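Here is a short briefing on helix packing and strand pairing. Please read it alongside the model.

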Amino acid sequence: MSRYAQSPLVQLTLWRLRDFLREPEAMFWIFAFPIVLALALGLAFKSRGPEIVHIAVESGPGAAELHSTLVASPQVEAVLLDSSAAYDRLRTGQVALVVRAGDPLVFQYDSTRSESFVARLVADKVLQQAAGREDVWEVRSVRITEPGARYIDFLIPGLIGMNIMGTGMWGVGFGIVKNRNYKLLKRLRASPMRKRTYLLSHILARLVFLVFEVGAVLVFGVLVFGVPVRGSLLAIGLITLIGAMSFAGLGLLVASRVRTIEGVSGLMNLIMVPMWIGSGVFFAYTNFPSAIHPFLRGLPLTALNDALRAVMLEGSQLLVVSGPLIVLGLWTVGSFGVALRVFRWD
């Protein structure tokens, strides 16, 4: 064996390489995760030739003809709705533009959203060309500035949901694996303490901080950006409580058998990143193909975001958001129940 091969630096480097290759989580994040991320974002923003914009046409005189003109373009997906429904879709990000027939035409959109600005340009171009020449229609733009209809109003509930997910899963899962890694769980196992008592203690500890972590983002949004809170604070509190319990349960489940910090980090990100992308945090999940919408609505972060937006922005009662709450409840019971069965002390 050569002198260089026996060098401590060479041997330590080889040891680290072998150690790295023995970690399947590390291999996943290096090679597989970029592909998974590219696939997810590609589904949401894949190129289909000209960019397709989602538009609502407000019902009224001349609306049917306007709708027919818009849907004839391959660049437009348009729906004919009454004023209230069209405005609700604009507010929740399901459409980027609302068009009202008349002379002049009225375009309602949020100028802070790039997709709304693009939709306004596309709709104007389609209608002008359909009339036989450019600029034959007189158009008046109405930029949405009312609290509750802006992009920031859409974003704040999503950030609250993302924060609940991240702190719930990391706060619970990381703590359990760290205790297992430091051999503390072996000592606890020797005590008469029950498994469910230990796991519930992690969930309850997380709930103590819930009011502060949610309140900080909510107060910031209200004071700095004027984000409206049209629903009951009690309803918002109950929704965040159920959401926090569901993600704490997922954190317990992920950490039930993992032994290393690297392992739990990889699994946590594997679960959370798809929800960051597909659960409507930064953009509406309707950007994805309609075939996977039922799956996305079944994710706990999607259910939490939908319930928070309905109560905060629309003033909905708890009965209206019973569907998302049932989804969160099922995730809570299911994840905690499975975690109790598969949890290991060592």
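**Helix packing and strand pairing**

The crossing of H6 and H9 is right-handed, meaning that the near helix is turned clockwise from the far one by less than a right angle. This is a predicted model: local features need pLDDT of at least 70, side-chain atom pairs count only at pLDDT 80 or more, and totals for chains, interfaces and linings use all residues. Residues are numbered from 1 along each chain as its sequence is written, and side-chain values use heavy atoms, without hydrogens and water.

**Helices H6 and H9**

- The axes of H6 (residues 151-181) and H9 (residues 210-225) come within 10 Å and cross at roughly 165°. Helices are DSSP runs of H or I with at least four residues, and strands are E runs of at least two. Axes are lines fitted to C-alpha atoms over the stretch in contact, with angles from 0 to 180 degrees between N-to-C directions.
- That crossing angle makes H6 roughly antiparallel to H9 (over 145 degrees).
- In H6, the contact (heavy atoms within 4.5 Å) includes Ile 152, Ile 156 and Asn 163. H9 contributes residues including Leu 210, Glu 213 and Phe 225.
- The contact residues divide into nine nonpolar, three polar and one charged. Gly counts as polar here.

- S1 (residues 53-58) and S3 (residues 97-100) run parallel, joined by four bridges. Pairing requires at least two DSSP bridges.
- Glu 58 stands opposite Arg 100 in S3.
- S3 and S4 (residues 105-109) run antiparallel, with three bridges. Val 98 stands opposite Gln 108 in S4.
- Four residues lie between S3 and S4 in their hairpin. Gly 102 in the turn has a positive phi of about 150°.

Definitions and conventions:
Angles under 35 degrees count as roughly parallel, over 145 as roughly antiparallel, 65 to 115 as roughly perpendicular and the rest as oblique.
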